[in-house]
Amino acid sequence: MERRVEILDLAGEARELVRDCEITGKRTVFTRNGREVAILISHDEYLALRETIEIAGDAALREQIAAGEKEVSRGAMLLVEDLLELPPS
């Protein structure tokens with residue numbers, strides 16, 4: 001379940017942490033008794049991590065990526081016209 005909090009409702013120091021995270025990508029690790037318990041990351045980084053997790057869990061997609069990487073490594077190339085099915089100019 002997700003909890004949403006308006007940034008303007010946060011205390012000043014918390015707003016600064018969020019701003020730094022959003023603008024610079026700097027993460028903030030929260031600890032309790034020296035043990036890491038949570039981390040603040042930007043929304044863009046969160047989305048990238050979610051996408052990575054989805055790719056890792058999709059065997060068919062991983063196979064397609066591996067096949068594409070193999071084609072690239074052997075020097076196979078596609079023309080833009082091939083991708084867009086346009087007649088050659």
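Reader: How many nonpolar, polar and charged residues does the lining of the largest pocket have?

Author: The lining has 12 nonpolar, two polar and five charged residues. Ala, Val, Leu, Ile, Met, Phe, Trp, Tyr, Cys and Pro count as nonpolar, Asp, Glu, Lys and Arg as charged, and the others, Gly among them, as polar. Before we go on: this is a predicted model, in which local features need pLDDT of at least 70 and side-chain atom pairs pLDDT 80 or more, while totals for chains, interfaces and linings use all residues. Residues are numbered from 1 along each chain as its sequence is written, and side-chain values use heavy atoms, leaving out hydrogens and water.

Reader: What makes a set of points a pocket?

Author: The search uses a 1 Å grid over the protein atoms alone and a 1.4 Å probe, and a pocket is an open set of points with protein on both sides within 12 Å along at least five of seven lines. A residue belongs to the lining if it has an atom within 4 Å of a point. Rolling a probe the size of a water molecule over the atoms shows where empty space is left.

Reader: How much space lies in the largest pocket, and which residues are closest to its centre?

Author: About 830 Å³, a volume defined as the space filled by probe spheres set on the points, which are joined across faces, edges and corners. There are 19 lining residues, and Arg3, Val18, Leu40, Ile41 and His43 are the closest to the centre. Two or more lining residues come from each of helix 1 (12–24), strand 2 (35–40) and helix 2 (43–56). Helix 1 gives the largest share, five residues. Helices (H or I, at least four residues) and strands (E, at least two) are DSSP runs, numbered from the N terminus.

Reader: Why is Val80 called exposed?

Author: Val80 has a relative accessible area of 52%, and exposed means over 50% (buried is under 20%, partly exposed in between; 1.4 Å probe, protein chains only). Val80 is therefore exposed. Its place is in helix 4 (residues 80–84).

Reader: What makes Glu2 and Arg4 a salt bridge?

Author: Their closest N and O atoms are 3.0 Å apart. A salt bridge needs a side-chain nitrogen of Lys or Arg within 4 Å of a carboxyl oxygen of Asp or Glu, so the pair qualifies. Side chains of opposite charge can pair when their charged atoms come close. Glu2, at 59%, is exposed, and Arg4, at 74%, is exposed too.

Reader: What is the N to O value for Glu45 and Arg27?

Author: It is 2.7 Å, and the two side chains meet in a salt bridge. This pair links distant parts of the chain, 18 residues apart: Glu45 is in helix 2, and Arg27 is in the loop between helix 1 and strand 1. Arg27, at 49%, is partly exposed. The structure holds four salt bridges.
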